[in-house]
Amino acid sequence: MFNLIEMKDLRSLVELCLKLGSTEEQAPILAKQLLKRSSQLAEERGITETEAMDHLLSLMVYGSRGEVPPGYASQAGQEGSKK
């Protein structure tokens, strides 16, 4: 189960997901996935969970705007050329 701090973070993330366009059904699922993935990224990259969450949230904001984050543009172009 989540501790009190994680529950607060979860509620905040759910609210953010809703503001970025998630449905009421999707938002809690996405928020839990963000918490889990930030923990994984922190371990994989040797960074704090806060830094990992900042990275993930940045990607979400770009995606919600329909934009490609800096550093990903070349990858997006490569994927399109593979089809």
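Q: What counts as a helix here, in this predicted model?
A: A helix is a DSSP run of H or I with at least four residues, and helices are numbered from the N terminus. Going along the protein chain from that end, the elements read α-α-α-α.

Q: Why is Ser 38 called buried?
A: Buried means under 20% relative accessible area. Ser 38 has 2% relative accessibility, so it counts as buried. You'll find Ser 38 in helix 2, which covers residues 26-45.

Q: What makes Glu 49 a contact of Ser 38?
A: A contact needs heavy atoms within 4.5 Å. Leaving out residues up to four places away in sequence, Ser 38 touches Glu 49, and also Ala 52, Met 53 and Leu 56.

Q: Which residues of helix 3 are buried, and why do we say they line one face?
A: They're Ala 52, Met 53, Leu 56 and Met 60. Looking down the axis of helix 3, its buried residues fall within an arc of 95°, so they line one face.

Q: What makes Thr 50 and Asp 54 exposed residues, and where do they sit?
A: Exposed means over 50% relative accessible area. Thr 50 and Asp 54 are exposed, and they sit on the face of helix 3 turned away from its buried side.

Technical notes. Residues numbered from 1 in each chain as written. Predicted model: local features only at pLDDT ≥ 70, side-chain atom pairs only at ≥ 80, totals over all residues. Heavy atoms only, no water. Helix = DSSP H or I, 4+ residues; strand = E, 2+ residues; numbered from the N terminus. Buried < 20%, exposed > 50% of the residue type's maximum accessible area, 1.4 Å probe, protein only. Arc of directions from axis to C-beta.
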